[in-house]
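Please read this briefing alongside the sequence and the structure.

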Amino acid sequence: MRSGLFRALERSSILTAAGNDFGFDEIFARQIEGLGRPGDLLVLHSTSGRSTNLLRAAEVARSCGLRTVAYLARDGGPLRALVDLAVVVPTDVTAHAQEIHLALGHAVCDEVDRLYASRETPGAPSSEGGDP
């Protein structure tokens, strides 16, 4: 079973090769073209929402049928309009935005873990004592 999960930044050799061969504006877009499948979820992080490589990633993801979420700050920049869900932290302080993005990411992962755990053991109580 294909999990649909991959992390582009873990593959530094791919980033270097794609950057050298296609330009750094395409480093994520090329991976999405090769690895992304309709229904996959692409999560992007940017405080400005203006990085060309992320804009291209969102464009390619849409054309490949991926769903997209972006954690952004300030006004969200042009990336805000290219994703299915934009989570915009209303601050101009990059460090504050990144701290909130990190906390939100952890909360999402906790919820995904909880949902998958309840699928594996229907009716089992949550490991943290909350509602199943």
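The points below are grouped by topic.

This is a predicted model, in which local features need pLDDT of at least 70, side-chain atom pairs count only at pLDDT 80 or more, and totals for chains, interfaces and linings use all residues. Residues are numbered from 1 along each chain as its sequence is written, and side-chain values use heavy atoms, with hydrogens and water left out. Helices (H or I, at least four residues) and strands (E, at least two) are DSSP runs, numbered from the N terminus. Buried means under 20% relative accessible area, exposed means over 50%, and partly exposed lies in between (1.4 Å probe, protein chains only).

**Salt bridges**

- Side chains of opposite charge can pair when their charged atoms come close.
- The count comes to five salt bridges, each being a side-chain nitrogen of Lys or Arg within 4 Å of a carboxyl oxygen of Asp or Glu.
- Arg-30 pairs with Glu-33, with 3.6 Å between the closest N and O atoms.
- Both Arg-30 and Glu-33 belong to helix H2 (residues 27-35), where they sit three residues apart, about one turn of the helix.
- Arg-30 is partly exposed at 37% relative accessible area, and Glu-33 is partly exposed at 39%.
- Glu-111 and Arg-114 form a salt bridge at 2.7 Å, N to O.
- Glu-111 and Arg-114 are both in helix H4 (residues 94-120), three residues apart, about one turn of the helix.
- Glu-111 is partly exposed, with 35% relative accessibility, and Arg-114 is partly exposed, with 27%.
- One network, made by salt bridges that share partners, joins Glu-26, Arg-56 and Glu-59.
- An α-helix has 3.6 residues a turn, so residues three or four places apart point the same way.
- A salt bridge also links the side chains of Arg-50 and Asp-75 (3.5 Å, N to O).
- Arg-50 is in the loop between strand S1 (41-45) and helix H3 (52-63), and Asp-75 is in the loop between strand S2 (67-73) and strand S3 (85-89), so this pair ties together parts 25 residues apart in sequence.
- Relative accessible area is 46% for Arg-50, which is partly exposed, and Asp-75 is partly exposed at 45%.

**Nonpolar core**

- In soluble globular proteins, nonpolar side chains tend to be buried together.
- A nonpolar core is a set of buried Ala, Val, Leu, Ile, Met, Phe, Trp, Tyr and Cys residues joined through side-chain atoms within 4.5 Å.
- The largest nonpolar core holds 19 residues, of which Ile-32, Leu-42, Leu-44 and Leu-79 touch the most other members.
- At least two residues of this core come from each of helix H1 (12-22), H2, S1, H3 and S2.
- H3 gives the largest share of the core, six residues.
- Leu-79 is in contact (heavy atoms within 4.5 Å) with Leu-44, Ser-46, Gly-49, Leu-54, Leu-55, Ala-58, Ala-70 and Leu-72, leaving out residues up to four places away in sequence.

**Helix H1**

- Leu-15, Ala-18 and Gly-19 are buried in H1.
- The buried residues of H1 fall within an arc of 100 degrees seen down the helix axis, so they line one face of the helix; the arc is that of the directions from the axis to the C-beta atoms.
- H2 is included in what covers the buried residues of H1.
- Ser-13, Asn-20 and Asp-21 are exposed and lie on the face of H1 turned away from its buried side.
- Gly-23 follows H1 and has a positive phi, near 95 degrees.

- Apart from neighbours within four places in sequence, His-101 touches His-45, Ser-46, Tyr-71, Leu-72, Ala-73, Val-87 and Val-89.
- Residues up to four places away in sequence aside, Asn-53 is in contact with Phe-24, Asp-25, Ile-27 and Phe-28.

**Cysteines**

- The count of disulfides, meaning pairs of cysteine sulfur atoms within 2.5 Å, comes to zero.
- Cys-64 is partly exposed at 24% relative accessibility, and Cys-109 is partly exposed at 48%.
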